[in-house]
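Please keep the sequence and the 3D view at hand.

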Amino acid sequence: MVKPTKPRAYVTGIWAKSFDVICANWRALAFLCGAFAVIRYSLLYVGGGMVDLINAGLEFAFECAVLYVTCFWLITGTTKLGMRSLLRFVPRYLFLSLLVSVPSILYFLTVDGTLILTTSDIRDLAGDSTSLEHSMILVGGLIRSIFALILFLFVATWVPAVILKFDKGLLRAVKRGWRTLAFGLTGLLIGPFLFSLIVDVTYLLLGDLSIGLLAETGGGLTRLHLLFVLGALFGAGKLLIVNVLLGTVASRTLILGEERLRKDHIPGEDGLGLSAR
């Protein structure tokens, strides 16, 4: 049995453990990041409404892979991935990913009577009204973010639980989430949320500066393509670290939640195979 760890140690160790994940799995993560950036850059030159769906599928595959590598290492302490748990990890993550989009889809169906699945659908509906397009994207993103936060706090541990020697299903995940609400919320705020905020502000500042320099120096298409490449790499790097942080929070919430459930004498199973890595 793993010796219980103080919640504060779990929270303060999120960044350190995320760094450990990247160091231990740098080859796999570097390959995923490079492949994602190359494909994403190539899609910049592809037209049509299907691009948004392809991008969404690409992001899902990348996020799922990074989360699995992160959770597997933190729970088992090994880089030798288990295909059996992967085959259960993917459908669970897909289910939650689709579920996150349901409220915003229902909102637009109720308000506008339109089925909106991608940003292309929003652009088509908004027409020439840029303000309407931006407001729809903002409202849809806000609804999605709120629902994603609720889902993460209560059922995020359901996904990495497939890596354990036992898996008690969704109800067990909800019980874990209820007993670790403060930890999960704190971990999200000081981890992926804080990192995303810093990166987004930096990207806006550097993006405006780069465009300004390009306009002044007359860099032409060569420098413009270079900016696209750097943008793709920057975006891939951000998404990689955000998902490593998310995976770290989810894995450590899983471990802490099981410790608290066992302490409360809620039936689970002995020999959980938990690792406090």
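The model is predicted: local features need pLDDT of at least 70 and side-chain atom pairs count only at pLDDT 80 or more, while totals for chains, interfaces and linings use all residues. Residues are numbered from 1 along each chain as its sequence is written, and side-chain values use heavy atoms, leaving out hydrogens and water.

Start with the largest nonpolar core, which has 22 residues; F89, Y93, V159 and I163 touch the most other members. A nonpolar core is a set of buried Ala, Val, Leu, Ile, Met, Phe, Trp, Tyr and Cys residues joined through side-chain atoms within 4.5 Å. Buried means under 20% relative accessible area, exposed over 50%, and partly exposed in between (1.4 Å probe, protein chains only). Two or more residues each come from α4 (50-76), α5 (83-112) and α7 (130-155), with α4 giving the most, seven residues. Helices are DSSP runs of H or I with at least four residues, numbered from the N terminus. Another core lies apart from this one and has 19 residues, among them V21, F36, F62 and L239.

Next comes G247, in helix α10 (residues 220-263). G247 counts as buried because its relative accessibility is 0%. Beyond its neighbours within four places in sequence, G247 is in contact (heavy atoms within 4.5 Å) with L67, T70, C71 and L74. The C-alpha atoms of G247 and L67 are separated by 5.1 Å, although the two are 180 residues apart along the chain.

The whole structure holds five salt bridges, each a side-chain nitrogen of Lys or Arg within 4 Å of a carboxyl oxygen of Asp or Glu. In one of them, R40 pairs with E59, with the closest N and O atoms 2.8 Å apart. R40 lies in helix α3 (residues 26-43) and E59 in helix α4, so this pair ties together parts that are 19 residues apart in sequence. Another joins R176 to E258 at 2.7 Å, N to O. Here R176 belongs to helix α8 (residues 169-179) and E258 to helix α10, so the parts tied together are 82 residues apart in sequence. Both R176 and E258 are buried, and together with R172 they are linked in a network of salt bridges.

Which helix gives the most to the nonpolar patch? Helix α9 (residues 181-217) does, with six residues. One of the patch residues is L189, which counts as partly exposed because its relative accessibility is 45%.

Notes. Patches are made of residues with over 30% relative accessible area and no salt bridge: like charges are joined within 9 Å, nonpolar side chains (Val, Leu, Ile, Met, Phe, Trp, Tyr) within 5 Å. Accessible areas come from the Shrake-Rupley method with a 1.4 Å probe; for residues, only the protein chains shown count as cover.
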